[in-house]
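Welcome! Here is a short briefing to read alongside the sequence and the 3D view.

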Amino acid sequence: MGILGNGGRSHWAQLLLLLGLAFVAGLMTSLFLRIDSCKDVFTERSAEVKDPVPLPKSQAEPDLKTLPSDLLTFRNKCGEAAPVAQVRSMLLNQIFDGVSPFEGFPPPHVEPFLQKEKIKGWGSQDKVFEDLIKEVRPQLIVELGSFLGASAIHMANLSQSMGLQTLILCIDDFRGWPGFRLYTFKDIQQEHGQVMLYYQFLQNVIGTNLTNSIIPVPFSTTSAIEKLCELGIQADLIEVDAAHDFHSAWADINWAWSLLKPGVGIMFGHDYYLHVDNRGVGRAVHLFARLNGLHVQPHGAHWILRRPASPSARRSVLSDLEHLRPGKGQGASREHQGLHDRRLVQLT
Ligand SMILES: C[S@@+](CC[C@H](N)C(=O)[O-])C[C@H]1O[C@@H](n2cnc3c(N)ncnc32)[C@H](O)[C@@H]1O
């Protein structure tokens with residue numbers, strides 16, 4: 001029988017049972033502890049999420065659902081229409097203290113910096129100018145981007161040759177762009193960083209005897225348009241040729257559209273095919289056309305936009321985009337967002 005009799009065996013069995021129970025108890029305790037510590041982590045994390053320190057409103061994440069319509073919304077109402085005959089004096093009073101900028105020009109300190117004539121532009125005498133002036137017979141033209149006045153002078157000469165008394169407002173900050181004097185325009189002088197572009201523009205207009213037809217509006221496009229809009233100045237023809245990146249062209253086209261005479265005005269611009277900013281000008285023109293139910297008419301290196309054929313066109317295109325906006329309706333997936341984005345930028 002050995003050392004373990006019946007009584008010995010039952011002792012061993014009891015001992016094993018006790019050890020088993022102790023093992024199970026230990027296991028349970030450690031499990032509870034683990035769960036508890038995890039619970040702490042979860043509580044901490046959810047506390048982070050539940051009670052964030054509120055951001056000041058300006059730093060809060062934008063509500064993406066409202067972003068697209070903000071980006072697409074531009075003022076479209078201006079002051080009461082001003083008679084064209086009053087535009088010149090209105091502008092002289094508002095911008096030039098009632099004195100023509102051509103009067104007494106050039107002042108002695110500027111004269112040494114000027115050339116008798118320096119008129120140079122890009123496609124500034126293209127056929128589109130003649131075609132549109134013939135078609136519209138404009139009383140008032142607004143030009144965004146005038147530089148040395150090449151296109152403005154050409155339009156003024158064309159108008160006169162057609163027997164028109166057209167006034168041309170030349171909006172330009174007359175700063176050119178950084179580095180524009182490095183090569184072709186080395187001879188446009190500057191003094192203490194103040195470039196003589198504006199003065200050379202005045203000189204060119206005086207030299208071509210067009211001071212009755214052309215008035216400079218020497219400010220950024222946005223602020224100048226704002227002022228013209230407030231004054232109720234309405235253009236028969238608007239030429240857009242200022243900055244050529246997408247966002248600048250987009251803003252210029254949208255703001256300037258509010259200056260167009262209701263029913264008849266035409267807007268056109270240069271650099272339709274320019275590669276800058278991945279064809280920024282072309283993309284801006286087409287996006288604007290899509291959203292407003294317009295047709296883009298290419299004309300050489302220029303684009304032309306006319307009034308919509310039907311006023312309901314804009315509404316239907318906008319509701320179309322609304323339907324595709326991410327987060328709206330079923331299947332608001334990345335794919336839909338891609339479709340939405342492509343629709344916005346795709347050239348038609
Ligand atoms: C390409 S040039 C205009 C050329 C002119 N249309 C011609 O054919 O002779 C562009 C002009 O736009 C002006 N410009 C660019 N961005 C502007 C802005 N945001 N506000 C005002 N002028 C701007 C520059 O100063 C420059 O003179």
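Two residues are in contact if their C-beta atoms, placed from the backbone, lie within 7 Å. Helices (H or I, at least four residues) and strands (E, at least two) are DSSP runs, numbered from the N terminus. This is a predicted model, in which local features need pLDDT of at least 70 and side-chain atom pairs count only at pLDDT 80 or more, while totals for chains, interfaces and linings use all residues. Residues are numbered from 1 along each chain as its sequence is written.

**The chain as a whole**

- The protein chain has 11 helices and 9 strands.
- Of its 348 residues, 28% are buried; that word applies if 20 or more other C-beta atoms lie within 10 Å of a residue's own, with exposed meaning 12 or fewer and partly exposed anything in between, and C-beta atoms are placed from the backbone.
- Taking contacts between residues at least 6 apart in sequence, 75% join residues at least 24 apart.

**The sheet**

- An open sheet of 7 strands runs in the order β5-β2-β1-β6-β7-β9-β8, with mixed pairing; two strands pair if DSSP finds at least two bridges between them.
- At the edges are β5 and β8 (296–299), each pairing on one side only.
- From one strand to the next, the twist averages 20°.
- Strands of a sheet pair through backbone hydrogen bonds, either parallel or antiparallel.
- β2 (residues 167–171) and β5 pair in the parallel sense over 4 bridges, and I171 has V217 in β5 as its bridge partner.
- β8 and β9 (residues 302–305) are antiparallel, also with 4 bridges, and P298 has W303 in β9 as its bridge partner.
- In β5, I214 and P216 point one way and I215 and V217 the other way, and all are buried.

**Helices on the sheet**

- Helix α4 (residues 127–136) lies across β6 (237–240), β7 (266–269), β8 and β9, running at about 175° to β7; axes are lines fitted to C-alpha atoms, for helices over the stretch in contact, and angles run from 0 to 180 degrees between N-to-C directions.
- Helix α8 (residues 246–257) packs on the sheet too, touching β1 (140–144), β6 and β7, and its direction makes about 170° with that of β6.

**A mostly covered helix**

- Helix α6 (residues 197–207) has 8 of its 11 residues buried, among them Y199, F201 and V205.
- What covers these buried residues includes α5 (150–161), β4 (194–195) and β5 (214–217).
- Just after α6, N209 takes a positive phi of about 65°.

**The nonpolar core**

- The largest nonpolar core has 65 residues, and V142, I168, I238, I253, A256, L259 and M267 touch the most other members; such a core is a set of buried Ala, Val, Leu, Ile, Met, Phe, Trp, Tyr and Cys residues joined through C-beta atoms within 7 Å.
- Leaving aside neighbours within four places in sequence, the contacts of L259 include C78, V142, I225 and I238.

**Around the ligand**

- The ligand is surrounded by 18 residues, the closest being G121, S124, G145, A150 and S151; a residue counts as near if its C-beta atom, placed from the backbone, lies within 6 Å.
- This shell divides into 6 nonpolar, 8 polar and 4 charged residues; Ala, Val, Leu, Ile, Met, Phe, Trp, Tyr, Cys and Pro count as nonpolar, Asp, Glu, Lys and Arg as charged, and the others, Gly among them, as polar.

**An exposed proline**

- P83 is found in the loop between α2 (67–72) and α3 (84–95).
- P83 counts as exposed because it has 10 C-beta neighbours inside 10 Å.
- P83 and G232 are 149 residues apart in sequence and 8.7 Å apart in space, C-alpha to C-alpha.
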